[in-house]
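Colleague: Please take me through this structure one feature at a time. Give me the general idea, and then the case at hand.

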Amino acid sequence: MHSSEPTVVSIWDAANIFEYATARFTAIRMALEKSQVPKTLVFRRKFVQHILWEAEKFVFPFINICATSNTSPALPEYLNDVVKMLTEWQVGLLDDEGLFHTFSTNRSDIVGDLMSRYRVVSTFAYSWWKDRFDLIPFEMPHRITLEEVQELYQAHASQMPSGYMLLPDVRRSAGMGGPDPLIVNLRGLRDDLEMLGDHLQSWLSRKTDEGRVALEAMARLEGPVDNLNDAMAVSQQLLDAGWMDETED
């Protein structure tokens with residue numbers, strides 16, 4: 001009996017792929033918001049067809065791999081929202097029109113979000129959202145291998161600034177992570193670093209204010225201290241003069 005080799009995807013590989021998928025959906029959403037193309041029925045149906053393809057190639061297979069490995073993936077917040085709406089479409093809670101409306105009106109602040117500015121890079125493979133996809137046949141590949149997906153992530157990561165992974169992103173959730181909570185710990189560490197940075201900035205700001213107040217207080221004392229020094233000098237002169245008078249007598 002032929003047995004296939006088990007699929008080997010580490011929790012770190014999955015996290016990277018989910019970051020890549022989030023970048024793609026973020027770019028798609030931002031392009032949709034900027035698009036001046038009329039949102040006709042054909043446009044909406046073709047758009048739904050394409051985002052379903054995105055999920056089938058870059059999201060759901062890797063969620064399934066994590067599930068078969070008894071690990072719970074910690075999805076970036078925006079990707080979590082997208083997976084929720086796509087799952088509702090899969091089980092019939094949303095139709096194509098409902099999915100398009102939900103995707104296009106999702107309240108995630110991806111335009112103002114710090115992460116989005118770093119996720120969206122200049123070059124994406126299979127960037128159908130940059131074309132008039134509503135006017136051309138659906139030509140996305142039927143199959144993308146794991147190796148190619150990993151290469152796509154590497155090409156994407158090479159366009160991002162250094163230190164990207166230290167930026168805050170994922171909501172922390174108690175109990176998330178399953179038997180192997182590595183990815184959740186890494187996300188938690190990133191959140192903790194953000195919090196530490198905020199506390200450090202607040203502490204530095206407070207100490208700067210305290211130092212400024214101290215300097216201002218010292219400046220206000222400069223005049224009285226000078227007067228005191230002058231008075232002490234005069235007193236010393238008087239004492240010296242009195243001592244000289246006593247000596248002469």
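**Reading the fold**

Modeller: Of the contacts in the protein with a separation of 6 or more, 81% are between residues 24 or more positions apart; a contact here means heavy atoms within 4.5 Å. This is a predicted model, so local features need pLDDT of at least 70 and side-chain atom pairs count only at pLDDT 80 or more, while totals for chains, interfaces and linings use all residues. Residues are numbered from 1 along each chain as its sequence is written, and side-chain values use heavy atoms, with hydrogens and water left out.

Colleague: How many helices and strands does the secondary structure of the protein come to?

Modeller: Helices (H or I, at least four residues) and strands (E, at least two) are DSSP runs, numbered from the N terminus. In the protein there are 8 helices and 0 strands, and along the sequence the pattern reads α-α-α-α-α-α-α-α.

Colleague: What percentage of the residues of the protein count as buried?

Modeller: Buried means under 20% relative accessible area, exposed over 50%, and partly exposed in between (1.4 Å probe, protein chains only). The protein has 249 residues, and 35% of them count as buried. Its accessible surface (Shrake-Rupley method, 1.4 Å probe) comes to about 15500 Å², with 57% belonging to carbon and sulfur atoms.

Colleague: How do I check the span of a helix, and what span should H7 have?

Modeller: The expected span is 1.5 Å times one less than the number of residues. Helix H7 covers residues 146-157, and its 12 residues should span 16 Å; the end C-alpha atoms are 16 Å apart, so the two agree. Helix H4 (residues 77-90) has 14 residues that should span 20 Å, and its end C-alpha atoms are 20 Å apart, which agrees. Helix H1 (residues 11-34), with 24 residues, reaches 35 Å from first C-alpha to last, close to the 34 Å expected.

Colleague: Which residues of H7 are buried?

Modeller: Val149, Leu152, Tyr153 and His156 are buried in H7. Viewed down the axis of H7, these buried residues fall within an arc of 100°, so they line one face of the helix; the arc is that of the directions from the helix axis to the C-beta atoms. Glu147 and Gln154, on the other side of H7, are exposed.

Colleague: How many of the residues of H1 are buried? And what do the buried residues of H4 pack against?

Modeller: H1 is mostly covered, with 19 of its 24 residues buried. In H4 the buried residues are Tyr78, Leu79, Asp81, Val82, Val83, Met85 and Leu86. They pack against H1, helix H2 (41-58), helix H3 (60-68) and helix H5 (96-105). Just after H4, Gly92 takes a positive phi of about 85°.

Colleague: How many aromatic pairs does the count come to?

Modeller: Rings of Phe, Tyr and Trp (its six-membered ring) pair if their centres lie within 6.5 Å; planes under 30 degrees apart count as stacked, over 60 as edge-to-face, and the rest as tilted. By this rule there are 14 aromatic pairs. The rings of Trp128 and Trp129 have centres 5.6 Å apart and planes at 85°, so this pair is edge-to-face. Both Trp128 and Trp129 are buried. They belong to one aromatic cluster, together with Phe25, Phe43, Phe47, Phe100, Phe103, Phe124 and Phe133.

Colleague: Which residue lies over the face of Phe43?

Modeller: A charge sits over a ring if NZ of Lys or CZ of Arg is within 6 Å of the ring centre and within 35 degrees of the ring normal. Here Lys39 lies over the face of Phe43, at 5.5 Å from the ring centre.

Colleague: Is Ser158 buried or exposed?

Modeller: Ser158 has a relative accessible area of 60%, so it is exposed. Its place is in the loop between H7 and helix H8 (182-248). The C-alpha atoms of Ser158 and Val121 are separated by 9.7 Å, with the two residues 37 residues apart along the chain.

Colleague: Where is Thr40 found?

Modeller: Thr40 is in the loop between H1 and H2, and at 37% relative accessibility it counts as partly exposed. Thr40 and Asp134 are 94 residues apart along the chain, and their C-alpha atoms are separated by 9.0 Å.
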